[in-house]
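Let's walk through this model together, beginning with the terms and the overall fold and then turning to a few individual residues. Keep the viewer open as you read.

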Amino acid sequence: MLSKAAAVHGPPRVLILHLGGNDLVEQKGIALTLAARADIENLHALYPAMGIGWSNLLPRLCWRGVSNPSRINYAVKKINRAMRNLMRQIGGFSIPHPTIRAGTAGIFRADRVHLTPFGNDLWLHDLQQILRDWVDSRV
């Protein structure tokens, strides 16, 4: 989809990636890390002037089909660290979500997976702040 749009309009100035969280139950963290890394390196090679940002995977209170959510939340930390290092290598950036923690009250819906409107506001605030900083550093 990106290559089709880029062929018509050119690549975007910046691409934010927030992906993989739902895959962690069925796919090991290392496999997800390697797949994301390969895709990001390919995007960087195709569009070297495009800024690429990694929006950190979020911890959750509950991972569907998993009895021990802390195991998956640990994998989330490792994946985010690997992606943060990759972003530094290619001149991209990562977006931490420091206020979104598995135990923070009021940010997860009753299903303990999805964010509440307040949680979404926190997530969007993080994106806005990093994008402002990224744009300001380019001016």
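A residue is called buried under 20% relative accessible area, exposed over 50%, and partly exposed in between, using a 1.4 Å probe and protein chains only. What you see is a predicted model, where local features need pLDDT of at least 70 and side-chain atom pairs count only at pLDDT 80 or more, while totals for chains, interfaces and linings use all residues. Residues are numbered from 1 along each chain as its sequence is written, and side-chain values use heavy atoms, with hydrogens and water left out.

Let's start with the whole chain. Its secondary structure comes to four helices and three strands, in the order α-β-α-β-α-β-α from the N terminus. Here helices (H or I, at least four residues) and strands (E, at least two) are DSSP runs, numbered from the N terminus. Along the principal axes, the C-alpha atoms fill a box of roughly 45 × 30 × 25 Å.

Of the 139 residues, 39% count as buried. The accessible surface comes to about 8,400 Å², and 57% of that belongs to carbon and sulfur atoms; these areas come from the Shrake-Rupley method with a 1.4 Å probe, and for residues only the protein chains shown count as cover. Among contacts with a separation of 6 or more, 70% join residues 24 or more positions apart, where contact means heavy atoms within 4.5 Å.

Now for a closer look at Leu24, in the loop between strand 1 (14-17) and helix 2 (29-46). Leaving aside neighbours within four places in sequence, Leu24 is in contact with Gly29, Leu32, Leu57, Trp63, Ile72, Val76 and Ile79. One of these, Trp63, is 39 residues away in sequence, with a C-alpha to C-alpha distance of 8.7 Å.

His18 is found in the loop between strand 1 and helix 2, and is partly exposed at 36% relative accessible area. Beyond four places in sequence, His18 is in contact with Ser55, Asn56, Leu57, Leu58 and Trp123.

Strand 3 (residues 93-95) contains Ser94, which counts as buried at 17% relative accessibility. Not counting residues up to four places away in sequence, Ser94 touches Trp54, Asn56, Arg84, Met87 and Ile130.

The structure holds one aromatic pair. The ring centres of Phe93 and Trp134 are 5.9 Å apart and their planes are at 40 degrees, so the pair is tilted. Rings of Phe, Tyr and Trp (its six-membered ring) pair if their centres lie within 6.5 Å; planes under 30 degrees apart count as stacked, over 60 as edge-to-face and the rest as tilted. Because Phe93 lies in strand 3 and Trp134 in helix 4 (residues 117-138), the pair ties together parts that are 41 residues apart in sequence. Both Phe93 and Trp134 are buried.

Finally, visit Arg112, in the loop between strand 3 and helix 4. Arg112 is partly exposed, with a relative accessible area of 42%. Its phi is near 65 degrees, a positive value in a residue other than glycine. Most residues other than glycine have a negative phi.
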